[in-house]
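Biologist: I'd like to go through the labels on this one and hear what backs each of them up. Can you show me the model first?

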Amino acid sequence: MTLGWDYPLPCRRQRAEADPYTHRLVGVLKLELKGITKRFGSLVANDHIDLVVEPGQVHCLLGENGAGKSTLMNVLYGLYDPTEGEILVDGKPVVFKDPGEAMAAGIGMVHQHFMLIPVFSVAENVALGNETTKAAGLLNLEATREKIRRISDQYGFDVDPDAMVEDLPVGVQQRVEIIKALVRDAEVLILDEPTAVLTPQETDELLEIIRQLKRDGKSIVFISHKLREVKAISDTITVIRRGKVVGQADPSASPTELASAMVGRSVSLTLDKAPANTGEVTFKVRNLTVTDHNGQHVVDDLSFDIAKGQVLAIAGVQGNGQTELTEAILGVQPHVAGSITLGGEELLGKSVKHVLGAGVGFVPEDRTLDGLVGTFTISENMILDLYDKAPFASGVGMKPGVIAENAARKVEEFDVRTPSVSAAVGTLSGGNQQKVVLARELSRPLRLFIASQPTRGLDVGSIEFVHKRVIAERDHGTPVMIVSTELDEVLQLADRIAVLYRGRLVGIVPAGTSRDVLGLMMAGVPAAEAEANASAHASGATTPATVSEPVGHEGESHV
Amino acid sequence: MSATTQSPASKQPDAGKATRADRAGGQAGTTGLVSWKAGVGLGLLAILGTVLFGFLANTKSAGFRIAEARDPNASSTAAWITLAVALAATAYVGYRWISHRREGRGVDRWIPATTIAAVVVLGLAALGVARVEKITVPSMALGWTCSVLLLALAGYACFLTVQRRRTPGWLGGLFAVVFLVGFMIWIVAGGRDPEPSISLGGLMAGAVTLAVPLVFGSLSGVLCERAGVVNIAIEGQLLLGAFSAAVVATVTGNVYVGLISAAVAGALVSLVLAVVSIKYLVNQIIVGVVLNVLISGLTSFLFSTLLTADPEHLNKPGRLQAVDIPFLADIPIIGPILFRQSLVGYLMYIAVIVVYVGLFHTKWGLRVRAVGEHPQAADTVGINVNRTRFINVLMGGAIAGIGGSFFTLVSVDAFSKDMSGGRGYIALAAMIFGRWNPIGAFLAALLFGFADNLQSIITIIGSPVPSQFMAMLPYALTVIAVAGLVGRSRPPAADGIPYVKG
């Protein structure tokens, strides 16, 4: 790879490697962004952003989904060309035409969605783009394996270079991504929402790795909207809102202060809700098993109940059978055994239409894929379930007037911000799209309400709204099932919490259960054992090696 | 399907099980859905085999002529040497296999395949050393033997399915071999002569020759699809390659220039595919189909207006003669099949090896496969996705073009209308059957070539089956093969999806 600028690369490397094993190495690369602006058409994703990443620091970019954090980092990493502004490395302006050049300058990035090839081995993934070759261009994977082993030993990663990436758990895949950056001698490591897919324990392990990297003199740019992690790990916090830097914050600031800075108005992080007024049990799932096309039991022998006026939250790391569970209830999974009854009526084996007709409201986890037809108007999306019923239809004809009137009423009620009900739903923001889905699903008389990842990708304001509607539906006397991978959301909404791990029910625990216990359960540890473990740790009985320090208890000792 | 509706076999509601379901346990702990596809498919074929080879068997004997050596002395020497080499190779590979097994290490993928190849060569060399010239077998007795074997294998497959175990790969392979033997005996014994016989060597040699354009076509497909571009235009690349080879070789009076021009012509077709599908993001399948129709029309038009008017100056390219490779060509049976090819035939061997090594053992191949699997990941490590795709599509076109020159420089020494005759599509099937692997595609193409040649030989000796039905054979085989009787194959994940940055 040729470098597009005059930059004394070898010098910097020598400085970095002069004393690689003293764990108090001073950072070596200073990164500055000056007036970076990125426009996509009329949309301004980044508006004159200034940022300085000091060597050997953990610099957090705090902002809501869609604030422009990822865009900024993609500009820095050479994936997007900035519309205006410049990047300085050690005071010298540089231009990265592609990620290869950014890497050569010592910048590494771990993307939110891992950039790993599932059917390649770890070694192949690490080698890609940075291959060591023998004569005639033949691959020398042994050299790469050696590098992986060395880094793996140094940081205690425990990664097998010959494992297939698709067989590895997400936490390990993330380490492979970090190795990828380290093999390329990255001095600045950008981590884009690194904890989104991790269990609380894996998150703690990651934070420990970040501290270790910092001790070795690397700078870290940590992108997140999760306040607890940001507070635990950062040296400097830059808050970004709507593409602009709104200020620096101190890691010791309270979560409410940080949240207010992030959203731009005062927010309440707690949800006011009355205690559940539980009625009779109407929704029962017994021995539910879903088999996928490979013959794996993706949902394995689940049994649980939900009573009227109660919220059961299904917690768990993504991909542990949540999707299949909700789809099985709705009737879109092909190989299902067991029993699902609502008010005594068996739903298993019935058509989706029948299930919806029985009073099931369903908010799918991916609203753009399963919840809405993007090119249809808001009014049309509002009646996707009732298009053939009165009052929206008579005979084979539809009644546009009634449909539009219905939409106008719902838009008002659910505070959907749109210029018109005849706007295509795909043009709305995520939060407004989700409100359309909610408006549709809550407009039928419900006997069961299921919401999967109801606030994924929403801004704080919309999250508040969605949570209030969910609780309102509960208080209305409907059994509610929430599926969420966000522990905060689970803790806020739930009256009972069921934890899934590899398609099995680890246990059902009451709402007040601590994060630590839930975290262990999300890794498959049964409730009683998790309880014991967590309390033992709280009293300091276990060695720090077995359970690393949880985020909540972290002081400033390392900073 | 019945397995799916049963209640779960293992009912373990205890939560403790969840902790044990660690990574390995998650795989092993499930009771798999075992498909009845293998059992039912093999069963139907076995019944068909029994009816044909057993009940409809002929009382005549079936003869297979084997060796027709040109120089008995050289042939004998070559046979002994081959026998020795094959013996050593078999012993070595067998030793590796057994020692790996004993140490509990995984057996490398190439070992079983190489062992089978070595044993086959060993057997053929032994036939050559023994100077066996013809094998004559009673068709009735062997037909019944094959039928019983087929029924037994199908029964075992069903038994395994009932036991909820997967049908192993060797079972399907063995079944195919037995079916083929039974079929050959039955079909030859049905010939017109009182003692019908066919030349086995001629059959195989013809199969390799007919496979040449298929192999080039499927390699073109492999190169494109491994990089994530679907290449339906193989047919057009073959056809334009054939056309330009014929015309350029005639005009320049040099067949080698014709050969090069064929590669250029194929690359030209690819260039259109690449520009339109990679740069302008038009659906790759539609572009491919349109290119095929376009080139068929273009060459037909030029053929009927220009080439038929003046064949002497435009459509008389001359031939690439078959070249014997010294020593290797003298090996009985194997020599005439593999080492008496034209230049294009030898280029085929080289191309298969180069593409295979290139894709799986070089830096270039790693990048190409990454681009075909996860272009965004490739982009983030500094690989230019669209340039990689562009280059690969061009190379694929050039390779298919060389395959096209086979029609006009080797097979027939003139161009005629639509002479590729749908082989581009069969090549596509060979690529899928070969699981996007150059070696697999090569073997699949050989199989299709074999079916093609068998069909024409059977028509010559006369058979109980109508010739139209036999003409169906290669295509029927394609359908069965691609429909996945042989196993599931996974295409590159980003195959056919254009890459747009950002």
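What follows is a run of questions about those labels, with the cut-offs behind the answers.

Modeller: Ground rules before you start: this is a predicted model, where local features need pLDDT of at least 70 and side-chain atom pairs count only at pLDDT 80 or more, while totals for chains, interfaces and linings use all residues. Residues are numbered from 1 along each chain as its sequence is written, chains are lettered from A and ligands numbered from 1 in the order in which they are written, and side-chain values use heavy atoms, with hydrogens and water left out.

Biologist: What makes B:Cys146 count as buried or exposed?

Modeller: Relative accessible area decides: under 20% is buried, over 50% is exposed, and in between is partly exposed (1.4 Å probe, protein chains only). B:Cys146 has 5%, so buried. A:Cys60 is buried too, at 0%.

Biologist: How do you know that A:Lys97 and A:Glu101 form a salt bridge?

Modeller: The rule asks for a side-chain nitrogen of Lys or Arg within 4 Å of a carboxyl oxygen of Asp or Glu. Here the closest N and O atoms are 3.6 Å apart, and the pair counts. A:Lys97 is exposed at 56%, whereas A:Glu101 is buried at 4%. By that rule there are 33 salt bridges over all chains.

Biologist: What makes A:Glu146 and A:Arg149 sit about one helical turn apart?

Modeller: They're three residues apart in helix H5 (residues 141-155) of chain A, so about one turn separates them. Helices here are DSSP runs (H or I, at least four residues), strands are E runs of at least two, and both are numbered from the N terminus. The two side chains form a salt bridge at 3.3 Å, N to O. A:Glu146 is partly exposed at 42%, and so is A:Arg149 at 33%.

Biologist: Why does the B:Arg340 and B:Asp324 pair tie together separate parts of the sequence?

Modeller: B:Arg340 is in strand E5 (residues 340-341) and B:Asp324 in strand E4 (residues 323-324), both of chain B, so the pair links parts 16 residues apart in sequence. Their N to O distance is 3.5 Å, and they form a salt bridge. B:Asp324 is partly exposed, at 36%.

Biologist: What makes B:Val148 exposed?

Modeller: Its relative accessible area is 52%, so it counts as exposed. B:Val148 is in helix H7 of chain B, and it belongs to a nonpolar surface patch of about 750 Å², with B:Phe55 and B:Trp144 also among the members. Patch residues have over 30% relative accessible area and no salt bridge; like charges are joined within 9 Å, nonpolar side chains (Val, Leu, Ile, Met, Phe, Trp, Tyr) within 5 Å. The accessible areas come from the Shrake-Rupley method with a 1.4 Å probe, and for residues only the protein chains shown count as cover.

Biologist: Which helix gives the most to that nonpolar patch?

Modeller: H7(B), with four residues.
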